[in-house]
Structures are given as C-alpha cells and as structure tokens.
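I opened a new notebook page for this model. Here is what I looked up, entry by entry.

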Amino acid sequence: MRISRRAFAAAAAAVVLMPLSACGSGGDDGGSTDASGKVEGDITFQTWNLRANFKSYFEGVISDFEKQYPGTHVKWIDQPAEGYADKISADAAGGTLPDVVNVSPDLVAPLAKAGLAMDLDKAASKYRSEYLPGAWASHQIPGMTGTYAFPWYLNTGPLFYNKSLFRQAGLDPDQPPKTYDELFAQALQLAKKTDGKVATLANVPTVEDFGRYGVELMNKAGTAFAFNDAKGIELLTKYKELYDAKALDPQALTATPESSGKKFLTGAVAMNPGSALDLDNFKKQAPSLYKNIGITDQITSTGHVNMYVMGVMVNSKTKHTPAAVAFAHYVTDAQQQMSFAKKVAIFPSTAGSLDDPYFTKEDGTDETRVRIAAAKSLKNAVNYTPVLFSEQMKTALRNEVAKALQGKESPKTALDNAVKQCDTLLQQQG
C-alpha cells in the first residue's frame, strides 16, 4: 500500500534514505537569521544525485541567479545517492557543511536539533505564503519551533490495479475500492476466488500506512510514538487476516518496492501504488497489463493522501546569510519549480503552481490523467512519515509487523514492542 521512494526519487535522485546520526544537541541556530542585508558573497550549494540528469538545468539556474545578484558566486557540488546521509553527518561534525543543502525532512531533523539548520520562520517568513501549507510544514520538527528548509519538489501517486484480475474474481473492474473496508473485503474475495494464487497487496504496512489509516503516530510534543493505539491494532489485525488468506502476498515480509512492482507486472498481485513514471514501464514491459490497467486514488481514512517532499536547507553557520537565503528561495520559487517539473515527473510545492494547465488540462493520455489526479491530491496532502522516524525505527516496526503476521505475537504486543523500541531510539537521537 505504499508508494515506493523509487516512484518519487528515481525521477530525480534514486535515493535510499539512510539514518543520519545526531551531530550535536541544542536548538539554538548559532548564526544570524537576518537575511535583510545585501545579497553578495561566495556560497556553496549541494544537491543529491542530480548532476547526471540535470546538469544544464542547474547551471542555468545558478547563472541566472548570479546575473540577478552581480556580487554573488555559487559553487555547485553534487553528492551521489549512496552515503548521502553519512556525508552530511560528517560535514556537520567537521564544520564543512555547505551553505545551501538539498535535504529530506528526516535528514534535516538532526541538523535542526544540532543548531545547524536555519529557522526560516525567522529568516524567510515573508516567503512562507508562496508555498503549499502542507509542504512548508513538512520541515518542522516536533518539540521545536520553526521551519528548517524551504520545500522543494513533491511527489505522490495513485493506486494501479489489474482490471482483468478483478473481473476474473467477480469484482467490478470499474468500481475499485475507495475505503479500507472495501479494500479488505475485495482482497479477501479475490484470494478466495483464485484459491490464494493472486494476492491484492504486496507490502506490509509501514508507518505511512498507519498514518493514512488515521492512527495518531506521535504525541503532540514529539517525545514518544503512539501508533500502538486501538486504531493501529485494528489495521494490523486486518493485515493479519489478509496474510492468513493469502490476500497479502506471502513474500510481503521480505518485499522491496522493486519486487512488489515485478509481482504486479506479472499478474501475481492485483494492486500496487506508483506514479506516472510507471505507466511507460507497463507499456514497454507488460503490454497486456497496460491494456487492463486501472487507476484509482490512494486509500485514506483522513481525506489526505501521502506526500513525499524534498527541501533546501540553509546552514545556520553560513557567513553570507542574505545570499544563502536568497539562493535557497530562488531555487525553490514558483518559476524554477515549474521549469523543473516539466523536465521530470515531480510536482512543485509552490502555491498556485498546481493550477497551471500542465497539471489541470486533460489530453486523453493516461500519463496526463495520472499527473492531473496527483496534482489535485497534493494540494492538501501531508507527509505522514514523522520527521523523527529513522531507518532503524522503520526496521524495528517492520520486524514487529512480521512477527504479528506470522502469528508469533499478537498485533497489540507487536505494536507495543515496536513503539517501545522506537521510543528508545528517539531518546538516543536527542
């Protein structure tokens, strides 16, 4: 039930997010947040695996910025996807963090806690209204006041389903599930009709799935996790039913987004999340699936779909605050984001941009239909994965979910254990 980061990141940066160890403590940003002075000086801008595909785009953005502000010079460095978090952590510890850094919310959290990420509510509050509220909020850290990166590009996507498999199971291929109850009922019917040969889902629930189900993931202070509440237990109990009936793929416990995608391609799984990027893949690799592809909205109990977001952070220790803030804003302003979105299947986080005809005008193609639906849903989407939820925590949750599905623990015990482990890891972050 989750959109892989592949769907989000392969378009621009084929990323696997890694844990970033805390690099200090304290919330004081330690540097000047006054961005009102003259925009001048030499600054360094770091991106995350973008040079190979977008060299000319970024060189153009930098050149235009330097023309607009003659006293500036921007040095662009691009880091590979692998080890990006470790590189940021090492730079943070060694005092060599670039002035402007491409981050995701979980990477900015320890930098903000260490006082290395500039609070943009102080330094750049005048720009706040230029961005979608959900996108701006995505780089806020529970337990801290402030916003620690400009939102940059976004992604989300629909659920794809195989109409042929639905039809064979006696389900209406034009009436895909819209609620969790419908999803679970149809999944059980599909498994029963195929004697367990065709599963509906291929992934175990992640923290994002608990969020979309309406589970309260953390307490308001951001000091403890809370996904072991009655609603969380209910969701995991439902997944256990699916697993027992083979409506959840038996290999879901070890599945990767890539392996789940292959199962969907070969007709072993009836539904899979994805993005507009996947349609071209279906067309090339599985023409018969492409002919029978159904496209529907992500299922949520909250009315808000999940959003993946990238950001651009300003180093609080920069010697050129006005220039660093101005450039971070320039890279993420409506004009630059719109230009970037037309080069790659991502979406701008700037207010009003999603009303552009590119995101609203149908042309009869499935690709455009998916783009339009995703753009519409992003206007009030949220990033469900807590910014403090590290890779180690994801592993802890996944391991406990596996025990519940295999019947080694009750759903309640599994989630209690997962919360306990995640809370311990959270204390270590501090």
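Ground rule for polar contacts: I count a pair of N or O atoms within 3.5 Å; within protein, one must be able to donate a hydrogen and the other to accept it, and residues adjacent in sequence count only if both atoms are side-chain atoms.

Entry 1, conventions. I am working on a predicted model, where local features need pLDDT of at least 70, side-chain atom pairs count only at pLDDT 80 or more, and totals for chains, interfaces and linings use all residues. Residues are numbered from 1 along each chain as its sequence is written, and side-chain values use heavy atoms, with hydrogens and water left out.

The side chain of Asp 209 reaches the backbone nitrogen of Thr 206 at 2.9 Å. Asp 209 sits in helix H9, residues 207-212. I take helices (H or I, at least four residues) and strands (E, at least two) as DSSP runs, numbered from the N terminus. Is Asp 209 buried or exposed? I call a residue buried under 20% relative accessible area, exposed over 50%, and partly exposed in between (1.4 Å probe, protein chains only). Asp 209 has a relative accessible area of 2%, so it is buried.

What does Phe 210 touch, leaving aside neighbours within four places in sequence? Contact here means heavy atoms within 4.5 Å. I found Pro 205, Val 215, Leu 217, Gly 232, Leu 235, Leu 397 and Leu 415. I also checked Lys 291, which is 81 residues from Phe 210 in sequence and 32 Å away in space, C-alpha to C-alpha.

I placed Thr 194 in the loop between helix H8 (180-193) and H9. A polar atom of the Thr 194 side chain lies 3.2 Å from the backbone nitrogen of Val 198. Thr 194 is buried, with a relative accessible area of 18%.

Ala 268 is in contact with Lys 197, Val 198, Ala 199 and Lys 263, leaving aside neighbours within four places in sequence. I find Ala 268 in the loop between helix H11 (257-265) and strand S6 (271-273). Its relative accessible area is 25%, so Ala 268 is partly exposed. Ala 268 and Asn 162 are 106 residues apart in sequence and 10.0 Å apart in space, C-alpha to C-alpha.

At 0% relative accessibility, I count Ala 149 as buried. Not counting residues up to four places away, Ala 149 touches Val 103, Val 108, Leu 120, His 139, Gly 311, Val 312 and Met 313.

I require at least two DSSP bridges for two strands to pair. Strand S1 (residues 41-48) and strand S2 (residues 72-79) run parallel, joined by eight bridges. The chain crosses from S1 through helix H2 (residues 51-68) to S2, and this β-α-β crossover is right-handed. By right-handed I mean that, with the strands pointing away from the viewer, the path from the first strand over the helix to the second runs clockwise.

Of the 430 residues, 55% count as buried. The C-alpha trace spans about 70 × 50 × 30 Å along its principal axes.
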